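These are my comments on the model, as numbered points. Please read them with the structure open.

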Amino acid sequence: MPNTNFAPQNNWWSLSPLLVFLCLYLITSIIINDFYKVPITVAFLAASCYAILITQRMSLEERINLFSSGASNKNIFIMIWIFILAGAFAQGAKQMGAIDAAVNLTLHILPDKLLLGGIFLAACFISLSIGTSVGTIVALAPVATGLAEKQE
């Protein structure tokens, strides 16, 4: 439960996360010369982290709970956080070639008849590790898609 023993201060500083989001998105889009190449989730994640960091007089858990409950339903927003971070993980894994390596290793080790079972076991392991079905889907979807493309 968030600590509510302090009086909220109404000042322009509370709008700074919005300014961070807009500046980060606009500046990177102008530098790249294409507004469609800049992932908006990166700007959102940076502004959200900034908003949590500038909150004072609370523990980190209280800050995250306050941010999540202020944005919407706390449980739904925490799920969105997991989805965004899992998507960032999947994109990072794709950029460094980990997905292609996992696909090639899986195709090398497992026979064709066991690929579906192998994906199921990987999904079980990932869901136990992450603790959420949405994170499992986001983390496993690139590997499963790569396997499907290589099988054709």
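1. The side chain of S16 makes a polar contact with the side chain of Y50, at 3.2 Å. A polar contact here is a pair of N or O atoms within 3.5 Å; within protein, one must be able to donate a hydrogen and the other to accept it, and residues adjacent in sequence count only if both atoms are side-chain atoms. S16 is found in helix α1 and is buried, with a relative accessible area of 9%. Buried means under 20% relative accessible area, exposed over 50%, and partly exposed in between (1.4 Å probe, protein chains only).

2. This is a predicted model, in which local features need pLDDT of at least 70, side-chain atom pairs count only at pLDDT 80 or more, and totals for chains, interfaces and linings use all residues. Residues are numbered from 1 along each chain as its sequence is written, and side-chain values use heavy atoms, with hydrogens and water left out.

3. The average pLDDT (the predictor's confidence in each residue, from 0 to 100) is 77 for the chain, and 86% of the residues score at least 70. Confidence is highest in α1, at 89, and lowest in helix α4 (residues 74-95), at a mean of 74.

4. The chain has seven helices and zero strands. Helices (H or I, at least four residues) and strands (E, at least two) are DSSP runs, numbered from the N terminus. Of the 152 residues, 24% are buried.

5. The largest nonpolar core consists of seven residues: V103, L115, I126, A139, L140, V143 and L147. Such a core is a set of buried Ala, Val, Leu, Ile, Met, Phe, Trp, Tyr and Cys residues joined through side-chain atoms within 4.5 Å. Two or more residues come from each of α6 (115-130) and α7 (133-151), and α7 gives the most, with four.

6. On the surface, W12, L15, L18, L22, L26, I30 and F35 form a nonpolar patch with about 750 Å² of accessible area together. In such a patch, residues have over 30% relative accessible area and no salt bridge, and nonpolar side chains (Val, Leu, Ile, Met, Phe, Trp, Tyr) are joined within 5 Å. L26 lies in helix α1 (residues 16-32) and counts as partly exposed because its relative accessibility is 40%.

7. Two loop residues deserve a look at their backbone. N33, in the loop between α1 and α2 (40-54), has a positive phi near 70 degrees without being a glycine; N33 is exposed, at 70% relative accessible area. R57, in the loop between α2 and α3 (60-71), is also not a glycine and has a positive phi of about 65 degrees. Most residues other than glycine have a negative phi.

Technical notes. Patches are made of residues with over 30% relative accessible area and no salt bridge: like charges are joined within 9 Å, nonpolar side chains (Val, Leu, Ile, Met, Phe, Trp, Tyr) within 5 Å. Accessible areas come from the Shrake-Rupley method with a 1.4 Å probe; for residues, only the protein chains shown count as cover. A salt bridge is a side-chain nitrogen of Lys or Arg within 4 Å of a carboxyl oxygen of Asp or Glu.
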